[in-house]
Amino acid sequence: MRAEIISTLIFSFRYFLGGELMQQKTMWRKALIATAILVFVGFGAIIINLVRWQIIRGEELRSVALEQSLWSTELTATRGTIYDATGKVLAQSANVWTVVLEPFYLHKDETRSTVAKGLAEILGMSEEEVFETASNKDSYFAYLKKRVETSVRDEINAFMEENEIDRGIRMIEDFKRYYPYGSVASTILGFTGEENTGLYGLEAEYDNELRGTAGRLINSKNAIGDDMPFQYEQFIDAQDGYNLILTIDETVQSVTEKALETGIERYAVESGAVGIVIDVKTGGIVAMACKDDFDPNSPFEIHDEEERARIDALPEAEQNEAYTAALQNQWRNKAISDVYYPGSVFKMITGSMGLEEGIVNEDTPFNCTGAYVYYEDEDPIHCWLRTGHGTQTFTQGLLNSCNPYFMYIGQQLGAARFYKYFEGFGFAERTGIDLPDESASLYYDADSLGPADIATGSMGQNFGITPIQMITGICAVANGGYLVQPHVVNRIVDSDGNIVKTTDTAYKRQVISEETSKRISNILRMNTEIGVGTATKGYVAGYRICGKTGTSEKVEKYNNEVAEGVEKPTMQYIASYGGYAPADDPQYALLVFFDEPQKEENGGLNGGDAVAGPIFADIMAEILPYLGVKSQYSEEEYENLDATTPSVMGMMMKDAKTVLEEAGLSYEIVGVDDNENEVVAFQVPAVGEYIPKNGTVVLYTQGAENDAQGIVPDVRGQSIESARYMLEEAGFQLRLQHGRTSDSAIANQDIEPGTLERRGTVITVSFADNTITETFQFSDNEESDDDYDSGDDSG
Ligand SMILES: [Zn+2]
């Protein structure tokens with residue numbers, strides 16, 4: 001069903017747009033259609049999941065009153081465990097029990113009453129219900145309650161013993177799926193239904209491997225008389241499922257998820273975010289985070305509180321539909337199911353094509369006048385810098401993210417060569433990642449690629465791809481040109497630990513040469529340098545980050561307003577940042593993507609660098625050292641390096657001083673300061689916290705813990721020097737985020753001005769660069785508002 005919807009849409013897409021030269025109206029239409037595709041792809045998934053859901057929900061507890069004397073019941077196999085790359089348990093099955101009555105053996109009214117009273121209390125059911133179930137005298141088997149915990153089973157056993165009931169109540173082993181880390185990696189893991197069946201994510205993709213083989217309990221009875229039943233019982237043991245060991249690292253996954261949440265909050269992001277961390281050499285996914293997500297322990301609850309409240313406030317008639325849509329949204333793995341315009345992140349791909357084909361080298365000059373005529377008499381397409389970049393080399397063109405330079409490269413490549421690389425980098429096929437519901441991309445093949453398609457395509461604006469396709473392409477740019485197979489399962493092992501299957505990490509093909517890969521990496525590394533590139537917010541001191549920003553338009557969901565002629569659609573954006581590190585031997589790539597940010601920290605608009613860059617840097621700064629990537633600091637970076645605060649709490653003052661001196665840190669004492677034998681009762685900063693190199697640890701003696709507090713000043717808008725002075729005057733210390741300096745003003749401080757904090761507290765600041773809005777421009781006269789609302793009148 002899903003495939004049909006997608007192929008129909010692709011067909012329509014081609015039909016509407018094929019062959020026609022790109023004009024401004026068509027651009028709008030394209031955006032609308034691409035949007036429609038996004039919506040419909042999602043819708044297809046809803047239908048599938050409704051079917052699944054009804055199956056699960058339909059599986060209510062049933063009372064089975066078997067007239068015949070033979071019954072059998074399934075013995076559930078233990079479902080395999082899912083481990084992260086470091087051996088942490090991400091999904092596990094725990095024992096639960098199904099409580100079954102055998103009314104045949106409960107024929108005395110007195111026994112039935114005792115059972116009804118006792119079990120009703122233990123199981124939290126009504127006494128009448130249990131009594132009624134126990135009263136069907138012809139039945140040998142009647143479900144009472146499923147999935148009770150082992151502690152409840154023990155209570156029932158004790159109850160039976162106490163009341164000398166040896167037959168008539170039976171507990172059958174079953175399993176419940178448990179996800180110890182809650183919502184962490186939920187869109188990857190998915191969840192299971194009541195019958196030990198994987199319904200989503202890995203649980204669905206690897207269901208055959210995980211589920212094992214069910215066993216059976218067969219029971220035959222011949223009721224000749226109440227006291228002399230013939231009985232026969234046979235067990236066929238269940239075979240346990242295999243375990244999965246993932247490439248996902250729970251620590252990296254959690255860091256990525258938290259950073260996305262921070263970004264969503266900070267930039268008022270409306271439609272969610274995606275972050276993918278991948279090993280560029282093997283294609284192993286280390287983290288794949290989508291927000292919003294859900295808790296697989298209770299997948300049918302709306303995880304997002306605001307969304308839950310919104311649905312609860314709806315008229316009753318609308319609640320069901322809204323609930324289903326919200327479930328679908330929280331389950332969807334946007335990293336593989338959503339199709340988007342990659343925008344300027346794609347320029348690293350076009351740039352690689354140009355270098356590989358010898359169309360440009362680092363120094364090839366090109367004059368950007370601010371607009372570019374890509375084909376004969378067509379209207380020009382503008383550079384984001386309307387005044388033009390003037391004459392620039394290719395290196396400068398990429399650092400400037402200059403649109404005309406990339407349209408020029410596309411034009412020189414021509415349709416055949418552009419498509420050859422587009423296909424080579426994997427954008428024309430699904431990546432084949434081992435997760436369900438991967439969407440296909442939307443593109444023109446070589447035969448239908450017109451000049452306008454190439455012009456816009458070279459800037460990443462003419463085709464829809466998935467985030468997983470984009471980062472797989474980035475891996476090839478980084479790793480010497482090899483297209484890897486992204487995957488989340490590293491190996492499958494049986495319950496004894498024997499390897500059943502290992503994932504093949506061989507690359508699919510080489511798209512560009514190792515030399516081209518090195519050359520483009522060198523430019524992308526410069527791109528994160530302050531004063532040099534346009535992706536400077538992704539910079540992390542010591543890690544030679546290569547980065548490229550992307551800002552791409554969406555028109556989605558403003559159609560109605562336009563159709564009613566009320567207002568012009570507000571352009572919505574996806575802000576993204578793609579990059580990798582370290583430049584000299586790339587190991588990990590990261591793509592961060594925010595869908596519809598509503599604000600930025602420096603009041604600018606929609607820059608991929610301004611929104612996605614800082615979050616990219618936050619994630620990289622935390623995960624690269626954790627993943628064992630060696631840092632290498634330049635002299636200037638070394639100067640600004642942070643230290644980690646050692647623990648001196650509980651030490652004698654004189655010992656604490658020695659520890660701090662050895663760590664190259666200064667100290668200051670609050671409280672009794674003339675007694676070397678005084679104990680350190682409190683320290684600021686706390687152990688493990690960042691402190692500027694050569695910084696000061698303030699030692700508080702007993703009873704003086706709250707003696708020295710000050711109000712945090714507002715240093716936003718200040719230069720580093722004046723901010724440092726203001727903070728020190730107030731008793732605080734300044735730390736530069738990611739160890740980077742800048743000539744521009746401070747934009748953010750991590751502790752709100754006006755807050756009361758202890759002396760010695762470290763305030764981390766970050767900068768506002770003159771962030772460039774490198775938005776793709778349609779044309780000058782985009783004000784004309786005809787045809788916004790329909791894509792079906794193409795000529
Ligand atoms: Zn330009």
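## Exercises: helix packing and a zinc site

The axes of helix 3 (residues 109-123) and helix 4 (residues 127-134) cross at roughly 135 degrees and come within 8 Å. This is a predicted model, in which local features need pLDDT of at least 70 and side-chain atom pairs count only at pLDDT 80 or more, while totals for chains, interfaces and linings use all residues. Residues are numbered from 1 along each chain as its sequence is written, and side-chain values use heavy atoms, with hydrogens and water left out.

### Exercise 1

Work out how helix 3 and helix 4 are oriented to each other, and which residues meet.

**Solution.** 
- Step 1: start from the angle of roughly 135 degrees; angles run from 0 to 180 degrees between N-to-C directions, with axes fitted to C-alpha atoms over the stretch in contact.
- Step 2: apply the classes: under 35 degrees is roughly parallel, over 145 roughly antiparallel, 65 to 115 roughly perpendicular, and the rest oblique. Helix 3 and helix 4 are therefore oblique to each other.
- Step 3: list the contacts (heavy atoms within 4.5 Å). Asp109, Arg112, Ser113, Val115, Ala116, Lys117, Leu119 and Ala120 of helix 3 meet Glu127, Val130, Phe131 and Ala134 of helix 4.

### Exercise 2

Classify the packing of helix 10 against helix 11 and name the residues involved.

**Solution.** 
- Step 1: helix 10 (residues 305-312) packs on helix 11 (residues 316-331) at about 165 degrees, with axes 9 Å apart.
- Step 2: that angle makes helix 10 roughly antiparallel to helix 11.
- Step 3: helix 10 contributes Glu307, Arg310, Ile311 and Asp312 to the contact, and helix 11 contributes Gln319, Ala322, Tyr323 and Ala326.

### Exercise 3

Find the protein donors of the zinc ion and assign their geometry.

**Solution.** 
- Step 1: look for donors, meaning N, O and S atoms within 2.8 Å of the metal (3.2 Å for Na, K and Ca); water is not among the atoms, so sites may look incomplete. The zinc ion has Cys368 (SG), Cys383 (SG), His389 (ND1) and Cys402 (SG), at 2.1 to 2.4 Å.
- Step 2: check the angles; four donors count as tetrahedral if all angles lie between 85 and 135 degrees. Here the four donor atoms subtend 101 to 119 degrees, which makes the arrangement tetrahedral.
- Step 3: read the spacing along the chain, which is C-x14-C-x5-H-x12-C.
- Step 4: Cysteine 368 is in strand 11 (residues 366-368), and histidine 389, 21 residues apart from it, is in the loop between strand 13 (381-382) and strand 14 (390-392). Helices (H or I, at least four residues) and strands (E, at least two) are DSSP runs numbered from the N terminus.

Terms used: Tetrahedral: all angles 85-135°; square planar, octahedral: opposite > 155°, others 65-115°.
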